[in-house]
Amino acid sequence: MSEELLDTLRRAPDLEAPNLFAVDASDRLILDEAAPELEQAPAGTVVVIGDHYGALTLGAADRFGATGIRTHQDRLTGELALAANAERVGLTGAFVSLPLGPSLVAGARVVLLQLPRSLEALDEIAGLIAEHADPGVVVVAGGRVKHMSRTMNDVLGRHFSSVQARLARQKSRVLIASDPFSVEQQPAPRWPAAERHEDLPGGRHVTVCAHGGAFAGTSVDIGTRFLLEHLDQMSPDAATALDLGCGTGVLAVALAQARPGLRVTATDESFAAVMSARATAEANGVADRVTVLRADAATDVPDASVDLVVLNPPFHVGAAVHPGLARRLFADAARVLRPGGELWVVWNSHLMYRPTLEQVSGPTRQVDRNAKFTVTVSTRR
């Protein structure tokens with residue numbers, strides 16, 4: 001893949017900024033280390049998992065002539081960026097985007113993998129490949145050294161008899177996994193995992209289900225717990241609610257449990273989060289009133305259609321801290337709220353989001369604050 005082509009790749013519709021990049025050294029290293037396998041791979045046997053914005057997928061197609069590539073990206077913005085980049089460079093027919101499941105990796109001979117941060121996500125992906133790929137599959141998994149650990153070798157070693165670490169280059173490293181264990185030798189499948197929580201604020205009980213790539217797994221993060229303390233104060237007359245960036249769906253499910261007449265929509269751009277939230281809603285008997293959508297913010301929610309929005313916003317874009325994502329979520333929440341509707345947000349106090357909320361969402365008051373978090377409610381003008 002030529003450097004000229006790499007230079008055309010963009011992050012959009014994800015946030016773009018001088019310190020945010022569409023291609024990094026790990027993309028180049030994975031492609032270089034996988035070259036012998038890619039040069040010989042039959043059509044339809046190359047799989048790419050975790051591609052950030054298309055460098056691996058389009059690199060395999062452009063540099064090695066790979067066709068019928070199957071690709072999966074957890075983040076919807078990455079998937080949309082891949083599609084836009086492919087159109088820009090004339091490679092739209094080289095790949096198909098698929099969910100994380102058996103059809104993604106069935107019969108695969110070469111898998112290019114951007115290593116996820118989560119060991120649980122890596123375990124789920126490695127188990128899927130080992131069970132459904134060709135027995136001769138070679139997995140070329142790479143990432144930035146600062147985000148890698150020796151435990152990743154151990155996780156891959158649960159599913160493959162051969163795991164080799166290659167020399168680092170430009171602060172990136174690749175692990176090569178091959179010779180998958182037979183199905184009988186594999187660890188018992190455990191995804192989605194489930195955990196019952198009997199200690200939530202207000203005496204609430206929720207069973208949390210999580211796939212490997214879901215933030216916080218089956219636990220309930222402390223920001224969400226703090227927001228749950230105020231559930232009964234939230235827009236008591238609301239008929240419709242939105243859990244924006246829902247993660248495993250804890251807030252959506254708790255709202256549905258507390259208010260039998262409430263219709264709840266939950267959105268997240270993460271495939272793992274969406275699948276987890278659907279499983280959480282099902283496990284708690286509220287799947288008939290909680291609709292979970294994979295969406296970029298609230299893209300698929302109509303304007304002025306919701307009475308209540310709850311939000312525990314992320315403040316990282318990949319590895320970088322960036323306020324742009326939260327501001328965008330605040331703006332989308334304001335768009336979908338009816339006049340007089342409420343946006344309830346929990347946020348790390350040091351981020352000082354209140355002026356932004358005032359500007360974007362409407363009059364905002366502090367409801368509560370502890371040593372780490374602030375809870376605010378904004379009323380749509």
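Reader: Which residue in strand 5 does Leu-113 stand opposite?

Author: Please note at the outset that this model is predicted. In general, strands of a sheet pair through backbone hydrogen bonds, either parallel or antiparallel. Here, Leu-113 stands opposite Ala-141 in strand 5. Strand 5, residues 138-144, pairs with strand 4 in the parallel sense, over five bridges. Strand 4 is also joined to strand 1 (residues 46-49) by four bridges, again running parallel; in that pairing Val-46 faces Val-110 of strand 4.

Reader: How many residues of strand 4 are buried, and which lie on each side?

Author: The general idea is that in a regular strand the side chains alternate between the two faces of the sheet. Strand 4 (residues 110-114) is mostly covered, with five of its five residues buried. Val-110, Leu-112 and Gln-114 are on one side, Val-111 and Leu-113 on the other, and both faces are covered.

Reader: What is the strand order in the open sheet of seven strands?

Author: The order is 12-11-10-13-16-18-17, and the pairing is mixed. Strand 12 (290-294) and strand 17 (364-369) are the edge strands, each pairing on one side only. On average, neighbouring strands of this sheet are turned by 20° against each other, direction ignored.

Reader: Which strands does helix 11 lie across?

Author: Helix 11, residues 271-283, lies across strand 11 (263-268) and strand 12, and runs at about 170° to strand 12.

Reader: How many salt bridges does a search of the whole structure find?

Author: The search finds 18 salt bridges. One of them joins Arg-294 to Glu-79, with 3.0 Å between the closest N and O atoms. This pair links distant parts of the chain, Arg-294 being in strand 12 and Glu-79 in helix 5, 215 residues apart.

Reader: Why does Arg-294 count as partly exposed rather than buried?

Author: Buried requires under 20% relative accessible area. Arg-294 has 22%, and is therefore partly exposed; Glu-79 is likewise partly exposed, at 22%.

Reader: Which residues are linked with Glu-269 in a network of salt bridges?

Author: The network links Arg-11, Asp-14, Arg-75 and Glu-269. Within it, the side chains of Glu-269 and Arg-75 meet at 2.7 Å, N to O. Glu-269 lies in the loop between strand 11 and helix 11, and Arg-75 in the loop between strand 2 (69-72) and helix 5 (76-89), 194 residues away. Glu-269 counts as buried because its relative accessibility is 16%, whereas Arg-75, at 28%, is partly exposed.

How values were computed: Residues numbered from 1 in each chain as written. Predicted model: local features only at pLDDT ≥ 70, side-chain atom pairs only at ≥ 80, totals over all residues. Heavy atoms only, no water. Pairing = 2+ DSSP bridges. Helix = DSSP H or I, 4+ residues; strand = E, 2+ residues; numbered from the N terminus. Axes fitted to C-alpha atoms, helices over the stretch in contact; angles between N-to-C directions. Contact = heavy atoms within 4.5 Å. Salt bridge = Lys/Arg side-chain N within 4 Å of Asp/Glu carboxyl O. Buried < 20%, exposed > 50% of the residue type's maximum accessible area, 1.4 Å probe, protein only.
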